Amino acid sequence: KCWMNDNKAARMNHERGFGHKENLARKIRDMARKADEDKRSKERATNAINKIEDEARKRFEADQAAAERASGTWVWDPDAMYYYNEKYRWYYDVETKWYFGGEPTPDWAEHPPIPSNALFGVAKHVGGPLPQPDAKPAAVASTSGRPATTAAVPARVSLASNVAAATAAATAGAKDVQVVKKVIELPKHPLLSVGGHKGPELGRVGAAKGVGLQGTLAPTGAGSAAGKPGAAGAGDKRKRDEKALTPEEAAFQAKREAARARVAQRTAQGFGYL
């Protein structure tokens, strides 16, 4: 570390000094040396990895070759339309997935007496309708030295006739199926038409205003016979009281009854009863 005043002149004087220039050059040399060492280390690691991969690839190829020699190769025979394994002298049919071969009398077999690593699909195959494996294909073995058999290879059997026969047999015994829908009637509440389940469609709103009363909404003023019990007597009394009202009081009474009717109307519309 180097201590100096915090101003431009002191910094310029320090940067022009010999010690600062020497330290700067040393730092640059160290950075370049470290970069070269890192580069060489990376190259050595890359070469080591490549060497390991090459050795592993060679061993893998040797194992693959040994496995192919032990299991043989299935080669497509265009004359017989089957795959043929010359090492074990067996044919393979891609449609039925059965094998044909064996000594002294060849015959069809689903599980031939050959090693499991020599079965078709495990061992390598070349040519034919099936796609080739990812491994690099080997040279096709010559089939000229194939031993002659006493029985000829049977002709390919198409599965279309068997499938058609099975379909016809399945549809012959089929019967008409009738779909029956079961309808269940849900239980209804005994007080479905009143109370909280279903409010009155017409009439006054609220228990205190005659819940369930059917009919047109009418004001509760003079001349209305609907409402609570004794509404007729209350109307007669109201008529007798109206005779003693002054014109101003009668007008006020009419306005109040009209306001009540409007409030009841809006309330009924708000609840959806109208």
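Okay, hi everyone. Keep in mind the whole way through that we're looking at a predicted model. Let's start with the overall layout. The chain has 274 residues, and 15% of them count as buried. It contains five helices and six strands. If you walk along the sequence, the pattern goes α-α-β-β-β-β-β-β-α-α-α. And if you take the contacts between residues at least 6 apart in sequence, 43% of them join residues at least 24 apart.

Now the sheet. In what order do the six strands sit? The order is S5-S4-S3-S2-S1-S6, in an open sheet with mixed pairing. From one strand to the next, the twist averages 30°. For anyone new to this, strands of a sheet pair through backbone hydrogen bonds, and they can do that parallel or antiparallel.

We can see both kinds around strand S1, residues 73-77. S1 pairs with S6, residues 124-126, in the parallel sense, over three bridges. There, threonine 73 stands opposite lysine 124. S1 also pairs with S2, but antiparallel, through four bridges. In that pairing, tryptophan 74 is the residue opposite asparagine 85. S1 and S2 make a hairpin with four residues between the strands, and methionine 81 in this hairpin has a positive phi near 60°. S1 is also mostly covered, with four of its five residues buried.

Further along the sheet, S3 (residues 90-92) and S4 (residues 99-101) run antiparallel and are joined by three bridges. Here tyrosine 92 faces tyrosine 99.

Let's go back to asparagine 85, which belongs to strand S2, residues 82-85. Is asparagine 85 buried or exposed? Its relative accessibility is 0%, and buried means under 20%, so asparagine 85 counts as buried. What does its side chain find in there? A polar atom of the asparagine 85 side chain lies 3.2 Å from the backbone oxygen of serine 71. Beyond its close sequence neighbours, asparagine 85 is in contact with Ser71, Gly72, Thr73, Trp74, Trp90 and Ala118.

Next, the nonpolar residues. As a general point, nonpolar side chains in soluble globular proteins tend to be buried together. In this model, the largest nonpolar core is made up of eleven residues, including Trp74, Trp76, Tyr83, Trp90, Tyr92, Tyr99 and Phe120. S1 and S3 each supply at least two residues of this core. There's another core apart from it, with five residues, among them Ala80, Tyr82, Tyr91 and Phe100.

Last topic, charges. Side chains of opposite charge can pair when their charged atoms come close.

Number one is aspartate 38 with lysine 34, where the closest N and O atoms are 3.3 Å apart. Both sit in helix H2, residues 18-71, four residues apart, so about one helical turn separates them. Aspartate 38 is partly exposed, at 42% relative accessible area, while lysine 34 is exposed, at 52%.

The next pair is arginine 59 and glutamate 55, at 3.5 Å, N to O. They're in helix H2 as well, and being four residues apart, they are again separated by about one helical turn. Arginine 59 counts as exposed, at 56% relative accessibility, and glutamate 55 as partly exposed, at 40%.

Arginine 89 forms a salt bridge with glutamate 103, with the closest N and O atoms 3.0 Å apart. Arginine 89 sits in the loop between S2 and S3, and glutamate 103 in the loop between S4 and S5, so this pair links distant parts of the chain, 14 residues apart. Arginine 89 is partly exposed, at 39% relative accessibility, and glutamate 103 is exposed, with a relative accessible area of 63%.

That's my tour. Thanks, everyone!

How values were computed: Residues numbered from 1 in each chain as written. Predicted model: local features only at pLDDT ≥ 70, side-chain atom pairs only at ≥ 80, totals over all residues. Heavy atoms only, no water. Buried < 20%, exposed > 50% of the residue type's maximum accessible area, 1.4 Å probe, protein only. Polar contact = N/O pair within 3.5 Å; in protein donor to acceptor, adjacent residues only side chain to side chain. Contact = heavy atoms within 4.5 Å. Pairing = 2+ DSSP bridges. Axes fitted to C-alpha atoms, helices over the stretch in contact; angles between N-to-C directions. Salt bridge = Lys/Arg side-chain N within 4 Å of Asp/Glu carboxyl O. Core = buried A, V, L, I, M, F, W, Y, C linked by side-chain atoms within 4.5 Å. Lists of a residue's contacts leave out its neighbours within four places in sequence.
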